Amino acid sequence: MARQQPIELFMPPNMLKAKVGGGLGGVDMAAMKRAEGALDTLKSEFGDWIAEDVKVLIAARARYAKTPDEASRGALMRAAHDIKGQAATFNFPLIARVAGSLSRLIGELPESQPLSLSLVDGHVNAIQVIHRQGIQDTNDKMAQTLCAELDARVEETLKPKK
Amino acid sequence: MSGYRFDRLKVLVVDDNAHMRKLVITILQAFGVTQIHEADSGQRAWTVLRESNPDVLVLDWVMEGMSGIELVQMIRTSPQTPNPFVPVIMLTGHTHIDHVRQARDAGVNEFIAKPVSVKTMMSRLVAVIEHPRPYVRTSAYFGPCRRRRGADEYRGPERRAESKQQAAE
């Protein structure tokens with residue numbers, strides 16, 4: 001039986017509420033509109049931002065290919081994971097999907113097993129193609145086929161060997 | 001009009017990606033937040049945190065060196081922390097439930113699963129203002145209560161695996 005341990009449960013004073021007050025009228029729609037407008041202005045930069053993230057991924061891939069160790073694998077994982085989150089925010093959902101597949105491959109494959117460079121390259125190349133062609137439509141047939149193929153190959157790689 | 005005085009809020013934005021910081025800061029500024037600090041790593045964030053003592057942190061999870069999770073653990077438990085109760089909103093590309101549990105167990109208050117949107121940013125900000133969670137101190141954990149509801153009703157022994165293990169030692 002578990003030993004009785006003291007559990008201290010307490011509510012700190014809500015200093016944040018005291019500081020900013022408000023809340024009576026629900027969400028501030030004017031602030032939301034301002035923020036949506038500001039984001040729309042930023043959207044013209046999203047393509048360049050993703051281009052820089054893709055460069056980081058390509059550099060991480062090159063580093064892993066040259067020295068496939070824990071550090072380079074970690075850098076590749078971070079680059080893929082960053083793109084997964086950022087591409088979705090920057091309106092490149094298919095790039096996010098491919099980067100998510102690459103993150104899954106690196107994250108779920110036991111560290112004792114080396115990454116297949118051809119499969120890593122498949123992902124990196126797909127991300128470059130989708131970016132170069134500016135594909136932002138999730139219904140794009142070519143990109144969908146590419147994503148499905150990569151998903152299947154990752155699934156196959158991660159499947160326990162009999 | 002919500003009447004929140006976001007201009008009184010001091011926010012620290014931590015992300016190793018400059019573009020993501022710019023995006024988050026743009027949204028916060030549009031909300032009316034004027035006091036915004038930023039850091040591009042967990043280590044730098046720890047320094048800025050101690051210098052500026054922000055009211056809220058918006059924090060990325062995956063960063064080289066000190067991760068967002070490690071930073072939250074320091075904020076909650078280090079004797080040098082300027083405020084162990086500071087609300088942390090974690091930005092993450094992780095969406096698996098195990099990752100959410102891991103972050104919650106480290107002491108994260110709210111999550112924003114990427115893609116980041118204006119709506120989710122506002123809702124998480126309002127959540128930390130309007131619905132703060134009680135805090136729990138046990139032998140193995142300090143931070144926001146990990147149960148969303150009913151935690152204040154529980155008066156029994158610790159049942160979490162790590163707590164039981166410590167009790168047995």
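**Helix packing and chain contacts**

Tutor: Helix α3(A) passes helix α4(A) in a left-handed crossing, where left-handed means that the near helix is turned anticlockwise from the far one by less than a right angle, and right-handed means clockwise. The model is predicted, with local features needing pLDDT of at least 70 and side-chain atom pairs counting only at pLDDT 80 or more, while totals for chains, interfaces and linings use all residues. Residues are numbered from 1 along each chain as its sequence is written, chains are lettered from A and ligands numbered from 1 in the order written, and side-chain values use heavy atoms, without hydrogens and water.

Student: How are α3(A) and α4(A) oriented to each other?

Tutor: Helices here are DSSP runs (H or I, at least four residues; strands are E, at least two), numbered from the N terminus, and axes are lines fitted to C-alpha atoms, for helices over the stretch in contact, with angles from 0 to 180 degrees between N-to-C directions. The axes of α3 (residues 46-66) and α4 (residues 70-89) of chain A come within 8 Å and cross at roughly 160°. Since angles over 145 degrees count as roughly antiparallel, the two helices are therefore roughly antiparallel.

Student: Which handedness has the crossing of α2(A) and α1(B)?

Tutor: The axes of α2 (residues 29-42) of chain A and α1 (residues 18-31) of chain B come within 8 Å, crossing at roughly 145°. The crossing is right-handed.

Student: What area is buried between chain A and chain B?

Tutor: In contact are 46 residues of chain A and 54 residues of chain B. A:Leu9, A:Leu16 and A:Val20 supply 14% of the area that chain A buries against chain B, more than any other three residues. Buried area is the accessible area (1.4 Å probe) that two parts lose on being put together, summed over both; carbon and sulfur atoms give 64% of a total of about 4500 Å².

Student: How many salt bridges are there between chain A and chain B?

Tutor: A salt bridge is a side-chain nitrogen of Lys or Arg within 4 Å of a carboxyl oxygen of Asp or Glu, and one of them pairs A:Lys19 with B:Asp55 (2.9 Å, N to O). A:Lys19 lies in α1 (residues 15-20) of chain A and B:Asp55 in the loop between α2 (42-52) and β3 (56-60) of chain B, so this pair joins two chains. A:Glu8 and B:Arg137 also meet in a salt bridge (3.1 Å, N to O), and the count between chain A and chain B is 5 salt bridges.

How values were computed. Angles under 35 degrees count as roughly parallel, over 145 as roughly antiparallel, 65 to 115 as roughly perpendicular and the rest as oblique. Contact means heavy atoms within 4.5 Å.
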